[in-house]
Amino acid sequence: MSDANKETQTQTEEGLNTGYVYENRRYVGRKETVGFVLWDAAQSFNINKYSDRFITNILQVDLSLQMIEQAINGVWDVVNDIFMGAIVDKTRTRWGKFRPYLLFLAIPGLIGACLYWLMPLIFPGRTSMDMTKFIFYVALAFIREGIGTFQSISRTGLLATITPHPVDRTRLITIANFASGTFGEKLPEQITTVILDLIDNSVFKAVSKNKLYLGTFVGMGVFTTIVSSGMSMWFFMNSKERVMQSVESPSIKQGIKSIVNNKPILLLTLSDFLSGFSISGSKSDYYIDVLHFASMTMLAGIPAAPLSPISYSYVPWMRRHFSSRFLYIMSNYISNILYVGVFLAGCVGMNWKTKAGGVYQNKWAMLVVMALWEIIWTLFYGCKSVIGTEMYNESMDYCEWKNGYRTEAMTSVAKGLAQKVAQKISSLVRTLLKKLIQYDQSAYMQGREQTNGVKFNLFAMFTIIPAITGSFGIIPMLFYDLDGKKKERMYAELLARRAELQKAADSGDSEALAQKHKEQMGKMDT
């Protein structure tokens, strides 16, 4: 046995026997950690929760045209993912593999997002069937989807390579989710919600509702886009990629192989695919169109608010005492279980023939019901925020362990593609259902009520229907096994391999480094 192999074996054995894998070593400094927190907060510093309402009720694109756009854009989404994933995986620059796309596409992404929110001003007074408006909407969606694909793949890849150590990575994810959740990442959404309630209840009488709604959506949409883009850009400029990529970029064949023989990612992908078929309506549609109480989101969450930061504190304990599989299932699907109870409670006292009455139309009764839902769901919030991301990152390390190279982009594409296909179909069905229940698009701006039948269907579409259709993703995760000794051995061997590569890189001998990569990849192939 060679000296290098002996050293690798010794490090592996030490890792398994001494807890070497989970030592408290940090690679990411304070400045970069702060940037990572800002970046994480930027992902939610928006009013995207109201995007469907914006297109349907403010811009007023007909539901039939929306389905056409969803079908066209869905095909484009699938096609561009495949090519862009291959491009990213072959990228090798002095700035890294992922950062160039995040840096150089930041401004085009900002412009596209601002144009999206400005569309009602670009096309004032156009009908819901206006084709000029529709063509612009489709073209903008195409461009934003292309930019968004590069950014999404690169964001996922950067998170997997920002540090080579799993504990350091979990620390970053936990701090970011805790900080952004505690210090107001949802503030724009909450402010918008309050304003919409004030407008809906005629508090502002000096200006017409139409102008108020328009100003709120356009103003908040553009403002949050600019601020969140600035937060992200600051992090991109100050971040680093620390996991060394192979000198030779993997071929398409190797990329496909890395996905096929990666059991953890296959199971996560299949779970996302099945969960993506969830047919869910908008909770905000129910709160606004049925209860006229958009602020229900905030008020129902008040009792649970103290539990949100606390839920992160016991994540390390839960990870030590429960398998990733159990934590993933519980944290991701507890909401579906609880929504069954919400639906049954809402149906109490309802006339099933006319759909009139019932708890689901009583905003104060439903406030209590949803507050209970929020309390129980929030107990799992910290785990949900951390476990899914970390399991994906572990699957990327599994790819390197098994194949000798990393294919973050292609793997991200494959995982995202399966989920997107399911979600595109689900989105089409959701829009179709909205049309079938005879949802009145103009009622919101003109102050009219939806019928009782429509109101009940909106309630069902955000509770019982997604609870049933979104739970099939549990099945694949029952077979997930990257835990315990298997995971310990994986990280012990990876750290030893990386040390060899780093030693070769520090020597300045590029040929020796390339040979070392080839040797490791050859071992994996055999």
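Why are Arg497 and Glu493 separated by about one helical turn? They are four residues apart in helix 25 (residues 484-506), so about one helical turn lies between them.

**Before you start**

This is a predicted model: local features need pLDDT of at least 70, side-chain atom pairs count only at pLDDT 80 or more, and totals for chains, interfaces and linings use all residues. Residues are numbered from 1 along each chain as its sequence is written, and side-chain values use heavy atoms, with hydrogens and water left out.

Helices (H or I, at least four residues) and strands (E, at least two) are DSSP runs, numbered from the N terminus.

**Stop 1: helix 25**

Select Arg497 and Glu493. They form a salt bridge, with the closest N and O atoms 4.0 Å apart. The term salt bridge stands for a side-chain nitrogen of Lys or Arg within 4 Å of a carboxyl oxygen of Asp or Glu. Arg497 has 11% relative accessibility and counts as buried. Buried means under 20% relative accessible area, exposed over 50%, and partly exposed in between (1.4 Å probe, protein chains only).

**Stop 2: a salt-bridge network**

Next, select Arg53, Asp285, Asp289 and Lys434. Salt bridges that share partners join these four into one network. Zoom in on Arg53 and Asp289. Their side chains meet in a salt bridge at 2.6 Å, N to O. Arg53 lies in helix 3 (residues 51-58) and Asp289 in helix 13 (residues 283-290), so the pair ties together parts that are 236 residues apart in sequence. Both Arg53 and Asp289 are buried.

The charged end of Lys434 sits over the ring of Tyr439, 4.6 Å from its centre. The rule for such a contact is NZ of Lys or CZ of Arg within 6 Å of the ring centre and within 35 degrees of the ring normal. Lys363 and Phe293 give another case: the charged end of Lys363 sits over the Phe293 ring, 5.3 Å from the centre.

**Stop 3: helix 19**

Select Glu394 and Arg319. Their side chains meet in a salt bridge of 3.0 Å, N to O. Glu394 is in helix 19 (residues 381-403) and Arg319 in helix 16 (residues 315-321), so this pair links distant parts of the chain, 75 residues apart. Glu394 is buried, at a relative accessible area of 2%. A search of the whole structure finds 13 salt bridges.

The expected span is 1.5 Å times one less than the number of residues.

Pick Lys384, also in helix 19. Lys384 is partly exposed, at 33% relative accessible area. Then step to Gly404, which follows helix 19 and has a positive phi, near 90°.

**Stop 4: an aromatic pair**

Select Trp39 and Phe235. How are these rings arranged, and at what distance? They are stacked, 4.7 Å centre to centre, with 15° between the planes. Rings of Phe, Tyr and Trp (its six-membered ring) pair if their centres lie within 6.5 Å; planes under 30 degrees apart count as stacked, over 60 as edge-to-face and the rest as tilted. By this rule the count comes to 36 aromatic pairs.

Trp39 lies in helix 2 (residues 30-42) and Phe235 in helix 10 (residues 209-238), so the pair ties together parts 196 residues apart in sequence. Trp39 counts as buried at 6% relative accessibility. Phe235 counts as buried at 0%.

**Stop 5**

Go to Asn48, in the loop between helix 2 and helix 3. Asn48 counts as partly exposed, at 43% relative accessibility. Asn48 and Gly221 are 173 residues apart in sequence and 8.2 Å apart in space, C-alpha to C-alpha.

**Stop 5: helix 12**

Finish with helix 12 (residues 263-275). Its 13 residues should span 18 Å at 1.5 Å a residue, and the end C-alpha atoms are 18 Å apart, which agrees. Its buried residues include Pro264, Ile265, Leu267 and Leu268.
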